[in-house]
Amino acid sequence: MSETTVSTVEAPQPGRYIVPGPPPRPRSQLVGTGFAIAAGSMAVAGALGHYMARRHLIDDPGHAWLDGQSVPNPQLVYALITLGVSIVTAHWAHWASRRGERGHTWVGMAITLVMGFAFFNMVMYSLNRMGIELGAGEWENLAFSVTGLSLAILIVGMFYLGLMTLRSLGGSVGRDRSTLLGSAVFFWDFAVLAWAATWYVVYVVK
């Protein structure tokens, strides 16, 4: 009678194996960003709508509404062009992130943030040149409020981009991990469009 060999499998011991955590859900951040954009769009639309409603109540909006203020349009146009360049570099960084090219991702995001700081520098120069003072008139109050809202959205967008850039430095690049950076770029697109609408209504149409 032949002997049979019974093979035994060693049972896993506690603490010896690493149990994988739940899979990441980057789409949830993209959806949350979309809700934030929807809320911001309603806020900007409401502010611009109130501005236009008050402007149309003036008999001579071209002179009495502005209260003698002169708008430095060339500087504001340059600021808008700067934001346009930042959109291109932001999407370049997102494209590079999806391909796993960290170097191009970091360079693109660095240029985007530099363009953002340059924009704020030009806008602050233009506002200081205009000498807008709160309480001086209805146009000054509304222009300062609507402009401040759009600038606040841009500040949030720059902070969002900077935070996601730090995530990319930690390795959040690649086709499955670039959604986080894409969410920040998505919000930045909205922030630039919000400023473009504010610039056109407040400083072009006046």
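Okay, housekeeping. The model is predicted, so local features need pLDDT of at least 70 and side-chain atom pairs count only at pLDDT 80 or more, while totals for chains, interfaces and linings use all residues. Residues are numbered from 1 along each chain as its sequence is written, and side-chain values use heavy atoms, with hydrogens and water left out.

So, the overall picture. The protein chain has 6 helices and 0 strands, where helices (H or I, at least four residues) and strands (E, at least two) are DSSP runs numbered from the N terminus. Read from the N terminus, that gives α-α-α-α-α-α. Of the 206 residues, 39% are buried; buried here is under 20% relative accessible area, exposed is over 50%, and partly exposed is in between, with a 1.4 Å probe and protein chains only. The accessible surface is about 12100 Å², and 64% of that belongs to carbon and sulfur atoms. Those areas come from the Shrake-Rupley method with a 1.4 Å probe, and for residues only the protein chains shown count as cover. As for contacts (heavy atoms within 4.5 Å), take those with a separation of 6 or more: 81% of them are between residues 24 or more positions apart.

Now, helix α1. The 29 residues of α1 should span 42 Å at 1.5 Å a residue, and the end C-alpha atoms are 42 Å apart, so the two agree. The expected span is 1.5 Å times one less than the number of residues. Buried in α1 we have T33, I37, G40, V44, L48, Y51 and R55.

How do α1 and α6 cross? The axes of α1, residues 27–55, and α6, residues 179–205, come within 10 Å and cross at roughly 5°. Axes are lines fitted to C-alpha atoms, for helices over the stretch in contact, and angles run from 0 to 180 degrees between N-to-C directions. The pair is therefore roughly parallel, the word for angles under 35 degrees. The residues of that contact split into 16 nonpolar, 8 polar and 1 charged. Nonpolar covers Ala, Val, Leu, Ile, Met, Phe, Trp, Tyr, Cys and Pro, charged covers Asp, Glu, Lys and Arg, and the others, Gly among them, are polar.

Let's zoom in on L48, in α1. L48 has a relative accessible area of 11%, so it is buried. Leaving out residues up to four places away in sequence, L48 touches V146, A197, T198, V201 and V202. V201 sits in α6 and is buried too, at 14% relative accessibility. From V201 to L48 is 153 residues in sequence, but 7.2 Å in space, C-alpha to C-alpha. Beyond its neighbours within four places, V201 is in contact with L48, Y51, M52 and K206.

Over in α5 there's S150, buried with a relative accessible area of 0%. Outside four places in sequence, S150 touches A194, W195 and T198.

Last stop, α4, residues 102–130. The helix has 29 residues and reaches 42 Å from first C-alpha to last, close to the 42 Å expected. Its buried residues include G108, G116, F119 and F120. What do the buried residues of α4 pack against? That would be α3 (73–98), α5 (138–169) and α6. After α4 comes G131, with a positive phi near 70°.

Conventions: Parallel < 35°, antiparallel > 145°, perpendicular 65-115°, else oblique.
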